[in-house]
Amino acid sequence: MRKTFIVLVLMYGVIFGSLFYWQLCGDLHNHPANPRYYAMFKTDRGVIFDRSGIPLATSMEDGEVYTRRYAATSLSHVLGYFHQRYGMTGLERLYHEDLSMGRSMITTLDLGLQKTAEDAMQGKTGAIVVVRPATGEILALVSSPMVDGNVLDDNWPDYLVDKRSPFMNRVTHGLYPPGSVVKPIVYAAALQDGLVDDKQVWQDDGVLILQNRTISNSGGRAHGRITTDEALALSSNVVFAQLAIALGDRLLDAYELFGLGHEIRFELQSLGGFVPAKVASDYDAAQLGIGQGSILVTPLQMALVASSIANGGEMMQPYVVQELRGGLKMRQITRPRVAGQVMPSSIARDLQEAMVLAAREGTAQSRVSGGVSYGGKTGTAQTGHGGDHAWFIGFAPAESPTVAVAVLVEQGGSGSEVAVPIGVTVLREALGIDE
Amino acid sequence: MIKTLYRTWLEFTGWLLCLVWWLFWLQGQVSWWEPCVLWVMFMVLYFLTRQLGFDAGAIPFVAVLLLIGWVFLARLNPTWATAQTWGALVGCVGYVLGLWIGRRQPAYPLAWAVSALGLVVITTLFGISVGGARAWITLFGQRFQPVELARIFLIIYLAQYFVGGRSKWELAIVLGGFFVCLAWQRDLGPALLVFFVFCWMSLHWKFTWTKLFAYLGVTAAGFFVAYQWFPHLRTRAIAWLWPWDYLDSKGYQVLQGLFALRSGGIAGQGLGGGLVHVIPNVHTDYLFAVIGEELGILGTFSLLVVYLSLAFWALRLVHSIQDRCLRMTGLGLTLLLHLQVFLVVGGILRLVPFTGMTLPFVSYGSTSLVAQLTMLGMVTGLGGRKGGSLDA
């Protein structure tokens, strides 16, 4: 009997071994004969809603299969797309398991704002991201040019050859020199180090000479005697280059503290950009202090900088998935999370005042403001190849801000001319959104 | 004794509650009384077996197997689960009968052989065809598979053949007749199973290498002949060896089973999470693949461990039997069950050609369930009563 049992154990062992092989090894999931791969296109899929319950992505029955319909073209860079031939991306892919179980997803996006932002881009290449400072909710996220998840079949060949790479999400993956939009960080670091106070008066001659090289203001304008707040409002390179030189390596610490050079914790994968480890020279420091040189950032990072200024120095972790519900699993709700206190609230208050001044009298003034009180900072980043990138970061309303925005237009020209009107349009629309 | 009972049944009740709760979570229309009836049934069998002085150690294992099978059948189609419940209740009678028969096998080997042959001959003559094999008899409006009982009778005959030293010609006629009838019915799974059990019993009785190689040779020759003569067996062989070349036809069932298993992975898709209805004959042939998909390798491993525990229990019991004939019977019945598990699971895993039998206690099939429970009763009965003489 013992031998019989041993042989039986061996036989079961052989079965265990082959079970191990067939259940855990090998790539059978995507085999063309495996109906599981196609099954997900033949079943209903959870709806993705915006913050007020308007459907953003729905599955429409179309004969045997369901096709996914999206409420706005620009959503393809947040929600992604879900297509029988082209697979899935974005939140559709990240939350595929939940969505395929029929669970619905409520996002922090606002469809109206998303469409406003999409229209405001007017087909330009660039990115807009709107954040709620107090929570980190992403209210809108637009990257242009876009991929239309509704008509992938028709447009796919065009997308593939489009030189402006429509598949790229510029909010999270676009790396740009920030230009003057980093000046608030320089200002914050200088205030914190006690190098400067907001009423201090500077002499700005329009040009700063550093070891045979020059840092000059935009257009070489000399602003004369100005306070530091005015220097920010007028975007004086001369003043901020001097602050950056005084800060030295501490400038880079401040950039890192504000999240530059690090990948941001976010549902969607994002790039961290680049901040050098050391300042090589005074000229290098001066360049970095005005957002030029080797520094590279993503629009999402700059939106969080604006957001943390608006939120009294507290940077919130950005998120776009508010809630998952339905199906057999428990309801899953995202709670706002603090990423860190990047500066004392008093300094944040000073920065807000300076940025409001910029919006009222400085470079961030808008021709289309339409009664919106806001604070902002522009940037016109030189690229070394072709036109300048136009930047705007801002918040509204001026007193106790509830929304923050970052706008980037690739090679769009001047930040004041190009990015500010877009940013203000978006801020105005965003103020209408309930908390 | 009360303490052991208490523990065993507490565990088992926990299992049951988990399973039933899980099932309700999925589909509200499941009739809740069926698992309760099964539970009470096993409880009664357990108490009865113990009160009569038999070894009741197998009941919890079988109960777990049957309930897992029941849950999966309910998940596939509640009608099948209901039929399974009735099968189990009839099987209960079979079990008690088995207990009673156990040590009272009349010493008329030919009577068993003739009954076995009779059953298969009747099936061959009057049987109806379901799913390719003409293995079914309709009696009083109920369909059943006589071969499930016939092979038990045959095992009893075989045990007495070895011990009683009966003539080889007689054996050749009995086995030959059995195989021819089954071949005629195109139901070669049970034939293969009985042949393997016969080989194993024969080697157990007296082991020689010559015999082993002879049996291996016969098996190989049998495959070759079957491949040449029976087109539907050729289909099975092709599905076994080259399923990837026949994705949509001959290899379809095998591949769908493998896809299901792979989809299960470690912890499975969860009950109800599998894409199971794409597998043909999923409730009889491929329930194991469904378990693999929905409970993952953890589920399939656990299930096989339960079978292995059952084998350990049975062989230990059989080992303690003094009477050589009863011992051979016990061995034969145990092997009948476990070789069937091997052929079924091995068929799904492409270790052996797929034979289309049921997974004992788990798969849908009332006749099979009744036969398996009867066999269980017989093995328990063979083990004898505590306090009584082992050679009663």
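The legends below describe close-up views of a predicted model. Local features need pLDDT of at least 70 and side-chain atom pairs count only at pLDDT 80 or more, while totals for chains, interfaces and linings use all residues. Residues are numbered from 1 along each chain as its sequence is written, and chains are lettered from A in the order in which they are written.

**View 1. Chain A meets chain B.** Here 26 residues of chain A are in contact with 33 residues of chain B (contact: C-beta atoms, placed from the backbone, within 7 Å). Two elements of chain A give two or more residues to this side: α1 (2-24) and α2 (35-42). Helices are DSSP runs of H or I with at least four residues, strands runs of E with at least two, numbered from the N terminus. The most comes from α1(A), with 15 residues.

**View 2. Strand β18 of chain A is enclosed.** Because 8 of the 8 residues of β18 (residues 389-396) are buried, this strand is largely enclosed by the rest of the structure. Buried means 20 or more other C-beta atoms within 10 Å of the residue's own, with C-beta atoms placed from the backbone. A:His389, A:Trp391, A:Ile393 and A:Phe395 point one way from β18(A). A:Ala390, A:Phe392, A:Gly394 and A:Ala396 point the other way.

**View 3. Strand β17 of chain A beside β18(A).** The two run antiparallel, joined by 7 bridges; β17 covers residues 375-381. Strands pair if DSSP finds at least two bridges between them. A:Gly376 stands opposite A:Gly394.

**View 4. The hairpin of β18(A) and β19(A).** Strand β19 (residues 403-409) pairs with β18(A) in the antiparallel sense over 7 bridges. A:Phe392 stands opposite A:Val407. Between the strands lie 6 residues. In the turn, A:Ser400 has a positive phi of about 40°.

Methods: Contact = placed C-beta atoms within 7 Å. Buried ≥ 20, exposed ≤ 12 C-beta atoms within 10 Å, placed from the backbone.
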